[in-house]
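Subject: Structure handover

Hello,

Here is the structure you asked for. My notes on it come after the model.

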Amino acid sequence: MSFYDVLHRRRDTRGEFTGAPIPQDVLHRVLGAAHAAPSVGLSQPWDFILVRDEHTRRAFRDHVQAERSVFASGLDGERAETFARIKVEGILESTLGVVVTYDPDRGAPAVLGRHAIADAGLYSVCLAIQNLWLAATAEGLGVGWVSFYREDALRRLLDIPPTVRPVAWLCVGPVDALPDAPDLERHGWRNRLPLEAVLHEERYTRRPSR
């Protein structure tokens, strides 16, 4: 696939995982792509925790399901019915979990370029995640970013130091296929905005909220 094919083919994968193993060379290329991401001050503030243990994954899945219930309890009517049809994770179905963390002390105290924008290090970690996601798509793998969790719960589960922030649990593995459209569009939760709706010239132009 060309770069733009990969970019538009990428999906947040939930129910399409096969559970098949990932060849070691493929996993190494995907993680290498993540590690090649740009970072503020060349701090490379990310770490990657590979989680294969079923007990650990079940514990995390149970926590995610509990948080899903918390979110669902605040929905009413049609919104609640729509959300009930949406799968929010593929923790057990995927081949492994890749937990990406942010260490603000990496390269400290003088991280070049971070003095005025404290979150620049966190942005760097997100770039590494995007690199991983695109590389996985190019390799025929699916990736699903799980966001229904409390950071402290994941920190305790994986013995992450208190100064290190867990940014993402990524479900990674081979898939039957990638959907043509994102799950949230297919289920009617939300539609993608056209580029024109978010494009501004010279100054920010206020528009009605969408």
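Predicted model: local features only at pLDDT ≥ 70, side-chain atom pairs only at ≥ 80, totals over all residues.

Cores. The largest nonpolar core has 26 residues, and V98, I129, L132, L170 and V172 touch the most other members. At least two residues of this core come from each of α2 (24–35), β2 (96–102), α5 (120–138), β3 (141–146) and β4 (165–174). Helix α5 is the main contributor, giving 8 residues, the most of any. Leaving aside residues up to four places away in sequence, I129 touches V100, W145, V167, A168 and L170. There is also a second, separate core of 22 residues, with F60, F83, V99 and V146 among them.

The volume of the largest pocket is about 510 Å³. Its lining comprises 23 residues, of which D12, R14, P182, D183 and L184 are the closest to the centre. Helix α7 (residues 183–186) gives the most to this lining, with 3 residues. By type, the lining divides into 10 nonpolar, 3 polar and 10 charged residues.

Cysteines. A search of the whole structure found 0 disulfides. C126 is in none, and the nearest cysteine sulfur to that of C126 belongs to C171, 17 Å away. C126 is partly exposed, at 33% relative accessibility, whereas C171 is buried, with a relative accessible area of 0%.

Regards

Key:
Residues numbered from 1 in each chain as written. Heavy atoms only, no water. Core = buried A, V, L, I, M, F, W, Y, C linked by side-chain atoms within 4.5 Å. Buried < 20%, exposed > 50% of the residue type's maximum accessible area, 1.4 Å probe, protein only. Helix = DSSP H or I, 4+ residues; strand = E, 2+ residues; numbered from the N terminus. Contact = heavy atoms within 4.5 Å. 1 Å grid on protein atoms, 1.4 Å probe; cavity = no way out; pocket = protein on both sides within 12 Å on 5 of 7 lines; lining within 4 Å. Points joined across faces, edges and corners; volume = space filled by probe spheres on them. Nonpolar A, V, L, I, M, F, W, Y, C, P; charged D, E, K, R; others polar. Disulfide = S-S within 2.5 Å.
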